[in-house]
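The following paragraphs lead through the architecture of a protein model. Please keep the sequence and the structure in view while reading.

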Amino acid sequence: MKKFDRERLLLGLAGPVIALVVAVLLTSVVLLASGKSPFEPYVIMLEQAGFADIQVLIVNAASGYYIAALAVAIGFRMNLFNIGVEGQYRLAAMVTAVVGAKVALPSALQLPVLILVAALTGAFWAGIAGLLKVTRGVSEVVSTIMLNSIATSVIGYFTLPSLFGVRQGNNKTTGEMHDSGWFPNLDLGPAGELYGFVFVAVALGVAYWVVLNRTRFGFDLRATGASESAAAASGVNAKRMVLTAMLLSGAVAGLAGMPTLLNDTHTYSLSFPTSLGFTAIGIALLGRGGPAGIAFAALLWAFLDKASAELDYRGYDTEIAVIMQGLIVIAVVVSYEAVRRWGLRRQQQRVGEEIAAGHVIGADGDSGSSDSSGTSGSSGNDSDKEVAGR
Amino acid sequence: MHALCGENGAGKSTLMKILYGMQKPDEGTIAVDGRQVTFASPGDAIERGIGMVHQHFMLADNLTVLENVVLGSERLHGIGSKARAKIVELSERYGLGARPDALVESLGVADRQRVEILKVLYRGATTLILDEPTAVLVPQEVDALFDNLRELKAEGLSVIFISHKLGEVLSVADEITVIRRGTTVGTVVPSETTTKQLAELMVGSELPTPETAESTVTDRPVIEVENLKLLGEGGRPLLDDISFTINEGEVLGLAGVEGNGQTELVDALIGLKHADSGTLRMAAVEVEPGGGTEEITSWSTRRRREQGVGYIPEDRHRHGLLLESPLWENRILGHVTEKPNSKGVWLDLKSAQADTRRIVEEYDVRTPGIDVTASSLSGGNQQKLIVGREMSHKPRFLIAAHPTRGVDVGAQAQIWDQIREARREGLAVLLISADLDELIGLSDTLRVIYRGRLVADADPATITPEELGSAMTGAASGHLEHADDAEQSPTEAAAPEDEA
């Protein structure tokens, strides 16, 4: 039993580690090919990560990535591909910014209202794709991509000066939000300010884990992802599940823009960060759909983003980080599948050996039953993480 | 003709894979025609005249028989008239009756099998390995197959025949090798042995029989199906006018060639498909036993399962298990809303895991732990887990579709015992099986489904598999009587000696 758990953990780590190593090696090849040092950029970037202010930047950036990746991961867990996180979070950020500028309630009310608005907007936008899939069988991949593009137009329309737009120099914004709707930051002195929303992101990660692994709903969702036919036969209403998952994913996606909006910009403008939703897909993949893995992946991504800025000043291209991010995504997909297959085969073999050797639950004597009852209580947690992790 | 017998997992398939070059032996030798050989790949084996007919056909549906046979060995006789002549010649010589231009998708199971055999012969095989060739055939087709095989034998070819259906083996083989746990436990000659002895050799103990002792049928209906109709695409009825009642303690056996509506019927009963017309009623829980039924036609799958419909699916990989999830999660599957798996909206992992351990022990699921994935278990153990899971929720109505398919003799006996046990306690069972002995042995009532209709019924106490088989092919209908059935049955193949 213990052996299986340790192995599961190792297998769980093997995927991302192999992917990262491969990505680093390939990036070095690219550097060599362009006649540059294949190692120095890493050194520079790691140096950067040593500075407190860069660290704060990384964590702040990671919070948005993390929430967006959670949204993607909810879909992944049941084989739904919500490519529309991009449109959902931007639309939600715009609507929230407008509400925040037009409504002024006391802080204790304003913040929950704004967060709710963001979540509902995201859920609404994702819900369109969910509804289309359930009623008309439209692939959510196609509809969410189209909705991304529609979202851009909708945002453009609502930010027209004749509607909610406010011109500020060359920038089109939605006007400054009332400061009762500003999310408190944590002042870290010279290192800068840590977004208060980082803590909301952490809470979301915990909630995600609890719902998926400890509730009936989460079980149904994971079962659907692991085998749609088996889930249907077990009594999961597939259509309702698709719609619910899509709404949930959208609601979380709606929150992805909040760290930036509520903690930093306090307005939605042309310079509001974009393509978070696409980045999140890679992060969710690298994180294997688990909250801890996604957190690590989000931090890694933010590190590559923020630490690479320095490269420009040292004669390297910042795009090295982008190349690396791209390579990681490709390597991750390949290595996870390879490790998964290898692991399954290996476990089958091992189980066969154990059975042949008589280590079976309920068998007389030795390690069999006593051993298993001792470990599996505590091992439950470890194994949960891997369940349906694909 | 040499038969190879053994339980599932005894090593039959492994041995055959070695013979066919798909796997390499660690030790030992293979000799063909007295010469020692080693096979690195199936190609080598084919070169030596060994051909394999797999259990699952490997044919391209949208190609003709000719194209399928030629595929992969175009170099032998080209793809034109020479190939056609060769196929026709082989087909005539061995009585295979192949039509070179027929599309494979238009062929029935038995014909497809003949195409597979033809394919092997075309490649010049002199030794044929047939892996469980009768698993998919009705008795009449089995007889026809055996005629073909005798034909081959008469022409000087050798046939190795893998099976665990002992009656067949005894009727057709010249010599039988029995293997158990990877070693040969004996070689016998059919004329000097009986089914019973052979089975005991196979399992190393007494042979289980599917027979049920005394009737436990009551007159309290658990499930009532009335005029059930299910339309497929384009309005073609998949199920038409299906009506039956299963009482407490009754096992209703449903015979039929696969694809005649069994799957759809199961889907309609479990709620995966909703009937286009007709009603389903189940005994109400709240009232006294026997105090009436309530309509469940519109219930969701989950509600039906919560109310006591157990389900042993036909395809356990697709419908019964999450293969890559640990056993304890598979124990929750299908019963997530019930104790001990959950409390309110929360999962109760501790109890679920403890209960998984109980199932593993009580139902003898051979596994080193409950955290291993379901895919690491053998088919028989997976099935035992499913049976244990379903029985643990005290179902009132059990849908058992091929409950012992691909399960070894030992596990088979256990599953039969559990069904019998539950039946004694008042369980109503719908048993669907391709194993006619199992159907006849376990059932209290027999029905035959053909093209989506219940066309015949029979008394399991008197009916024989052959008689049942003729109704399964649509040749007989109504109430099947043992005596006057003989004229109706289409006895194109006369080999009644393989009474199972």
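In this predicted model, the centres of domain 1 and domain 2 of chain B, taken over C-alpha atoms, are separated by 34 Å. Domain 1 of chain B covers 2-203, and domain 2 of chain B is made up of 221-308 + 394-485; the bounds come from an automatic or database domain assignment. Between them, seven residues of domain 1 of chain B are in contact with 13 residues of domain 2 of chain B, contact meaning heavy atoms within 4.5 Å.

As to conventions, residues are numbered from 1 along each chain as its sequence is written, while chains are lettered from A and ligands numbered from 1 in the order in which they are written. Because the model is predicted, local features need pLDDT of at least 70 and side-chain atom pairs count only at pLDDT 80 or more, whereas totals for chains, interfaces and linings use all residues; side-chain values use heavy atoms, with hydrogens and water left out.

One sheet of chain B is open and has six strands in the order 4-5-6-1-7-8, with mixed pairing. Helices (H or I, at least four residues) and strands (E, at least two) are DSSP runs numbered from the N terminus, and two strands pair if DSSP finds at least two bridges between them. Strand 4 (50-53) and strand 8 (183-188) of chain B each have a single partner strand, so one side of each lacks a neighbour in the sheet. From one strand to the next, the twist averages 20°. Strands 4 and 5 (residues 127-131) of chain B pair in the parallel sense over four bridges, and B:Val53 stands opposite B:Leu130 in strand 5 of chain B. Across strand 4 and strand 5 of chain B lies helix 6 (residues 109-122) of chain B, running at about 165° to strand 4 of chain B. Such angles run from 0 to 180 degrees between N-to-C directions, with axes fitted as lines to C-alpha atoms, for helices over the stretch in contact.

A further open sheet of chain B has seven strands, ordered 14-17-18-11-19-20-21, and its pairing is mixed. At its edges stand strand 14 (309-312) and strand 21 (478-480) of chain B; each has a single partner strand, so one side of each is left without a neighbour in the sheet. Neighbouring strands of this sheet are turned by 25° against each other on average, direction ignored. Strand 20 (residues 453-458) of chain B pairs with strand 21 of chain B in the parallel sense over three bridges, and B:Ala458 stands opposite B:Leu480 in strand 21 of chain B. Helix 18 (residues 465-472) of chain B packs on the sheet and touches strand 11 (251-255), strand 19 (445-450), strand 20 and strand 21 of chain B, its direction making about 35° with that of strand 19 of chain B.

Chain A has 15 helices and four strands. Its radius of gyration is 23 Å, close to the 21 Å that the globule rule gives for 390 residues, so chain A is as compact as a globular protein of that length; the radius is taken over C-alpha atoms, and the rule is 2.2 Å times the number of residues to the power 0.38. Buried residues make up 52% of the 390 residues in chain A, where buried means under 20% relative accessible area (1.4 Å probe, protein chains only).

A:Thr144, found in helix 6 (residues 140-158) of chain A, counts as buried at 1% relative accessibility. Leaving aside neighbours within four places in sequence, its contacts include A:Phe81, A:Gln88, A:Ala129 and A:Met246.

Key. Buried < 20%, exposed > 50% of the residue type's maximum accessible area, 1.4 Å probe, protein only.
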